[in-house]
Amino acid sequence: MIPDLVPRLCLRAALRSAAPAAAMAVFAVLQVACAGEKAKTQVAEQPPPETVYVRQPEPAPPPPEPLAVSPRKVAFDAIGDTLRLALPEGSTCVAASETVAHVDEQGLVRAVGNGDTHLRCWQGEHNASIRVTVTQQLARVAVVADEGLALRKSGDSLHFNLARVDRLGTPVEAVRTTWASLSPEVVRVDSATGLAVGMADSGMARIVGRADQLADTVIVEIGVKSQATQLLSSNSRSALSRSRALARANAQRVSARLPNASGAGGVATQAVTSAGGAPAQTPGPGIGARPAQGPDSLFHDPQSGGFGARQRFLVPTLMAGFAEHRAMTPQPGGLEKRSGAVFGGAFDITTRGMLSFRFQFLTGTLAKDTVTALGDIKLTDGSLDAGIAIAPWLTALVGVQARRYEETTTQRWVMVRAGGEADFSLGGGSLYGIARLLVIPLISVASDAVGVPKPSFGLTSALGLGFENRRISTSLVYDIERYSFSASQRKEQFGALLFRFGYKFGW
């Protein structure tokens, strides 16, 4: 009401003025004044603005201090080993994986299985994480047989296992086991499965089981046992049983004496280290545990045809190969060379003792390879050798050899030779090496022609590889003979690369 009344009063006052022009001027001034008054009135009628309050954020609380726990890393080398943590009073711990480690209310950590996990410990708002690693270390091994340590006859089998335990006696599974026989001609064992098979009717063989750097051995017997053999076997098995029982008792005493034991019952903590450390190596009592050694001998006593064999058997053998004959003189064009395929056979006989015999027959035609040679040669060769085993890998040999060369004339050579042959194992399995050296001090030459030279000295050597399983015997051998003539500078050489395939018959 009041704002509308002011303009009206202003207009009425202007109309009452004496002159129109002056009235209009007065009206304009009054209108401006009235407009300003109206604006002030409108401003006075608006309500005052509301007050806005902004809340300041509260400061974040400081992070809780970590829980004081030691050690922060734990490493076990045996399942069943324990360690007591140093925890503040009132703390609680749990394991992320109970299959690897377990921790009780007093902070006692126990290794349960191989692997990695962590422990979470807290006290109020304070917490800590502890890493736990369990890795079993092999401490002892022992050969275990299913049924005794004896076989009745050739062909019988026996299965061996290798017990593998850590220093607290817990079995260690993830370790590869290998097997070997030191007398494969008596008992052969599969290197992966431990299945042993008798190869002879009587004898003894030592079986070796290995895992990592540890090994254990047992003696297996075949056939009828003499009183001495029975006593040896009984004493060996009794000693092994006593050593294993003693080892278990020692393990308990060693665990009780380990340093750094704490808690109920004297908990052993020797194998556990703090952060950054390696598992402690506690020497465990050995049940046959020792650094893996090689076989008692590197050499192998082959089971068929070898002069070092110890059983009675006959091995007929077929042979095929390539031979070369050379005659050399210092004159120009003084080389006569002939070569060709040869075939033959052999018989190897081995007695129950250390004696063995070998008869070998070889024939073939050697074609001329040089123009200086007069023609082809028909070769016929036979030899008989007797051997006596002076070691499991070495045999002394003595024999006689007769050879016939037929060209335009016929030459007949008779040679007496003596020396030795060694058979050495390659990896402890069925593969073996052959080395032979023979001296030929006596040589006789007869010919249809007049003036044929006679060698004064000869030497023969051979190198080769052999492979044998239960009945089959094969070998590849290179044999070379050198002959010198004292009356001239003439030299002769005969070499042959022969493949042999034989089958063993025992009795």
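Two strands are said to pair if DSSP finds at least two bridges between them. In the predicted model described here, strand β2 and strand β5 (residues 108-111) meet this condition, pairing in the antiparallel sense over 3 bridges. Within this pair, Thr-82 stands opposite Arg-110 in β5. The two strands belong to an open sheet of 3 strands, arranged in the order β2-β5-β4 with antiparallel pairing. Its edges are formed by β2 (82-84) and β4 (101-103), each of which pairs on one side only. On average, neighbouring strands of this sheet are turned by 15° against each other, direction ignored. As a general point, strands of a sheet pair through backbone hydrogen bonds, in either a parallel or an antiparallel manner.

The protein chain as a whole has 507 residues, of which 39% count as buried. Its secondary structure comprises 3 helices and 26 strands. Among the contacts in the chain with a separation of 6 or more, 58% are made by residues 24 or more positions apart. The chain exposes about 27700 Å², and carbon and sulfur atoms supply 60% of that area.

Further pairing involves strands β1, β6 and β7. Strand β1 (residues 73-76) and strand β7 (residues 126-134) run parallel and are joined by 4 bridges. In this pair Phe-76 stands opposite Val-134 in β7. Strand β7 also pairs with β6, here in the antiparallel sense and over 9 bridges. Thr-117 is found opposite Val-132 in β7. The hairpin of β6 and β7 has 2 residues between the strands, and Gly-124 in this hairpin takes a positive phi near 65°.

The peptide bond that joins Ser-70 and Pro-71 is cis, with omega at about -5°.

Strand β6 also takes part in a disulfide. The count of disulfides in the model comes to 1. The bond is formed by Cys-93 and Cys-121, whose sulfur atoms are 2.0 Å apart. Cys-93 lies in strand β3 (residues 92-95) and Cys-121 in strand β6 (residues 115-123), so the pair ties together parts that are 28 residues apart in sequence. The torsion about the S-S bond is about 115°, and the disulfide is therefore right-handed. Both Cys-93 and Cys-121 are buried. In general terms, a disulfide is a covalent bond between the sulfur atoms of two cysteines.

Nonpolar residues were examined next. In soluble globular proteins, nonpolar side chains tend to be buried together. The largest nonpolar core in the model has 22 residues, and the members that touch the most others are Leu-138, Phe-160, Trp-179, Val-187 and Ile-207. Two or more residues of this core come from each of β8 (140-145), β10 (157-165), β12 (187-189), β14 (203-211) and β15 (214-222). The most is given by β15, with 4 residues. Apart from this core lies another, of 20 residues, which includes Leu-83, Val-109, Ala-128 and Ile-130.

The surroundings of Ile-207 can be listed in more detail. Leaving aside residues up to four places away in sequence, Ile-207 touches Phe-160, Trp-179, Ala-180, Ser-181, Val-187, Val-189, Asp-216, Thr-217, Val-218 and Val-220.

Two aspartates in loops complete the description. Asp-156 is located in the loop between β9 (150-151) and β10. The relative accessible area of Asp-156 is 17%; because buried means under 20%, Asp-156 counts as buried. Residues up to four places away in sequence aside, Asp-156 touches Leu-151, Ala-196, Val-197 and Gly-198. Asp-212, by contrast, is placed in the loop between β14 and β15. The relative accessibility of Asp-212 is 53%, and since exposed means over 50%, Asp-212 counts as exposed. Although Asp-212 is not a glycine, its phi is positive, at about 55°.

How values were computed. Residues numbered from 1 in each chain as written. Predicted model: local features only at pLDDT ≥ 70, side-chain atom pairs only at ≥ 80, totals over all residues. Heavy atoms only, no water. Buried < 20%, exposed > 50% of the residue type's maximum accessible area, 1.4 Å probe, protein only. Contact = heavy atoms within 4.5 Å. Areas by Shrake-Rupley, 256 points an atom, 1.4 Å probe, with all protein chains shown as cover. Axes fitted to C-alpha atoms, helices over the stretch in contact; angles between N-to-C directions. Core = buried A, V, L, I, M, F, W, Y, C linked by side-chain atoms within 4.5 Å. Disulfide = S-S within 2.5 Å.
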